[in-house]
Amino acid sequence: MSDSAQKQGDAFENLLHEERRFPPTDEFAANAVAQPSLYEEASSQGSEFWAAQARNLLTWDTDFTQTLDWSDAPFAKWFVGGKVNAAYNALDRHVAAGLGDRVAIHFEGEPGDTRTITYAELTEEVKKASNAFESLGVAKGDRVAVYLPMIPEAVITMLACARIGAVHSVVFGGFSAEALRSRIDDAEAKLVVTSDGTYRRGKPSALKPAVDGALGREGHTVSSVVVVKRNGEPVEWTEGRDLWWHDVVDSASPEHTAEAHDSEHPLFILYTSGTTGKPKGILHTTGGYLTQTAFTHKNTFDLRPETDVFWCTADIGWVTGHSYVTYAPLINGATQLMYEGTPDTPHQGRWWELVEKYKVSILYTAPTAIRTFMKWGRDIPQKFDLSSIRVLGSVGEPINPEAWMWYREVIGGSKAPIVDTWWQTETGAHMIAPMPGVTATKPGSAQVAVPGISIDVVDELGESVPNGSGGYLVIREPWPAMLRGIWGDPERFKETYWSRFDNMYFAGDGAKKDEDGDIWLLGRVDDVMNISGHRLSTTEIESALVSHPSVAEAAVVGAADETTGEAVVAFVILRGSAKDDDDIVTTLRNHVGKEIGPIAKPRNILVVPELPKTRSGKIMRRLLKDVAEGREAGDSSTLADNTVMQQIAASLRK
C-alpha cells in the first residue's frame, strides 16, 4: 500500500472496533421501501436486476433489446436500443398521471423570498426554456454551460437541455472566470446560462462578471449568454450576445414535445479535478444514469413521494446536486426543498428553521456542515421542531463517528436512521450505503454496497483483503450510472481509472473492511484533496501559485481539518522580487482564489527556503504533510539533501 493509504489506514485503525449498532425499529423495517429481498434479487439476477429497475422506474419510448454491452470494455453501453427522455420522465409523465398539482420544488431564497412550483408549472417552464434555447440555435448534441446559483432556473435549464438533447455542463458558481473559460473551451459550449448574481451571507454577490471575464478574449465558441435577473445588480451588457431570461424564456411557447433520445445519448459533462492539473470532463449518458439515480434515491432514502419532503443541501455545481436535486427526486415524483443561501444567514438556525417550516422528512448533507453545527452547539437546532425528519443522509467525505452520533441524536431525535453514502462524480449515483430498513447502521461506516453493485477492497496486487484489513477501493463489475469516459479523451479515461488493476475500476480512495466486513472510507490516496466534500487537485493549486510572478516553486498538501475534513496547506519558495511584498501570503491566497475559486484558497501558506526532494527530483509531500499537521517529519533518508527539513523547520520558527 502507498504511504498515504497506509497512514490513513493506521489513523482509522480505532474505527474498526466500533461496537455501537442501530438497527431499524420493527415498524420502520416492516414498512421500508427496500426489503432484504432486494439484495437476494440483485445477487441472483446479475445485470438483469438493473433491466427490471429500468423498466420499473422509467417510462421508455422504445424498449431496450440488450441490458449491457461490455464488449468494448471499459466503455459500457446500458439498455442498448432503448429510447428515453430525461425531462419527460421527470415532468410530463407525472402531469399525465394526474400529479400536476403536486409540489415539485419549494424554493427559499437567502433573503427569504419563496416560490412554490408544482409539477405542472415546472413542466411548462422547462418547455418554454426548451423552445427559447432552440430559438438561439441550440440543437441536439450541442453543449450548454450553466453558471447559476441554487435557484429554480438552474434545474429548469438542466432539464430543458436534457429535453432537447443538448449536453449541459454545470460550473460551480464559486469558480473563477479562468476556471469557467477552461470548461467552456473544453466542451466547446454554444450557450452560457447565468444570472446577474445571487446572495451570499446577506449581501448581493455578482456572477455575470465572471462570465464576461471568461468570454473577454477571443477564440471561444459561445454565441449567446442568457442571464437570469436574480438580485438586480448592475451588469455589463454585450449587445447581440447577452439576453435576459425574462425576455427569451418567459415569452416562449409553453408547447414543446419531448423527443426520445438513445439510452446512451450524452446527458451531461461535469468537470472534476485531476492529478495532472487539467480538469476532467466526466461524461454521463441518459438511460443508465437515470435508472441508478432513481433507484438509489428511492431505496437509500426510503422515499415515499406522496408524503415526503426531501432536502439535498448540495449545490447543482456538484454531482450530488445533479443526481439528487435535478434528476432523481423529480423522476421519482417527489417534493423537494431548494435553498439558495448559507447555513448561518441570517442566523445559525436557518437550516432548522427551514426544516420546521417545510416539514422536511429526509435531509441529505455533508459531514463538513454537521461538524460546523456541532461547533455552534446543540442548543441552536433544539430551538426548532425537527420531528418531521425520519431519514438522514451523509455525503461527500467520510463522516467521523462523533459527528455521526451528534447528527443522529440532535437532528434525528435518536430515531431517524442515518444513511452514509459513498459515491463519486464518476459513479453517478450511490455505490455504498446502508438500506435504512434493513441495515443495522454503524457510526462512521458507509458499510455495504448498494444492491446490484460489486465493491471490493484489494491490496497492491488486486487481491481481496480479509476483514480487518485495508487497501484500495475498487468496483469489480460495470454499473448503470458509470461515467462513459472523459470528454474528448478516451485514453485518459482508461489510464486514470482502469490501469491500476486489471478489469477493475479504481476509485482513487482507500478503504478498510472491519471485522464484520463493513466498509470504512479513508479518503483519497492520490493527489486529490477533499475539501468540504469538494475535490481539488494539488497540482491545480500548485500551478495557480507558480503562475504568480513572486513564486519560484510550490508544493501543496491536504492537512486534516476539524471542520472541512481536509484543508489546503501550501509551501512556497519565493523569487527575489517578492521580498518587497510585506503581505505575500494574503497576495498569494487571493491569487489562488482568482485563478480557481475561493474554495481553493490555502488555509496556510508557508514560505520556505527549499522543498524536500528525492534524488530524482520528486517532491516528498508526505514530509510536508507531517509539517502541515504539526508532527515530527518522518523518514527523510531518501532526500537528495537531508538538511532541507531542518531548513524548513528553522524558517517556520522565525
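**Charged pairs and a helix**

User: At 33% relative accessibility, does Arg115 count as buried, exposed or partly exposed?
Analyst: Heads-up: this is a predicted model, where local features need pLDDT of at least 70 and side-chain atom pairs count only at pLDDT 80 or more, while totals for chains, interfaces and linings use all residues. Residues are numbered from 1 along each chain as its sequence is written, and side-chain values use heavy atoms, with hydrogens and water left out. Buried means under 20% relative accessible area and exposed over 50%, with partly exposed in between (1.4 Å probe, protein chains only). At 33%, Arg115 therefore counts as partly exposed.

User: Which residue does Arg115 form a salt bridge with?
Analyst: A salt bridge here is a side-chain nitrogen of Lys or Arg within 4 Å of a carboxyl oxygen of Asp or Glu. The closest N and O atoms of this pair are 3.1 Å apart, and the partner of Arg115 is Glu153. The pair links distant parts of the chain, 38 residues apart, with Arg115 in strand S5 (residues 114–118) and its partner in helix H7 (residues 152–164); helices (H or I, at least four residues) and strands (E, at least two) are DSSP runs, numbered from the N terminus.

User: How far apart are the closest N and O atoms of Arg476 and Asp456?
Analyst: Arg476 and Asp456 form a salt bridge, with those atoms 2.9 Å apart. Arg476 lies in the loop between strand S22 (470–475) and strand S23 (485–486), and Asp456 in strand S21 (residues 455–458), so the pair ties together parts 20 residues apart in sequence. Arg476 counts as partly exposed at 31%, while Asp456 counts as buried at 8%. Back to the distance: 2.9 Å.

User: How many salt bridges are there by this rule?
Analyst: Some link up into a network, which joins Arg21, Lys442, Asp514, Asp516 and Asp518. The count comes to 40.

User: Why is helix H14 largely enclosed by the rest of the structure, and how many of its residues are buried?
Analyst: The buried residues are Pro367, Thr368, Ala369, Ile370, Arg371, Thr372 and Phe373. They pack (contact means heavy atoms within 4.5 Å) against helix H13 (350–358), strand S18 (362–365), strand S19 (391–394), helix H15 (401–411) and strand S29 (565–574). H14 (residues 367–376) is largely enclosed because the buried share is 7 of the 10 residues.

User: Which residue follows H14?
Analyst: This residue has a positive phi, near 110°. The name you're after is Gly377.
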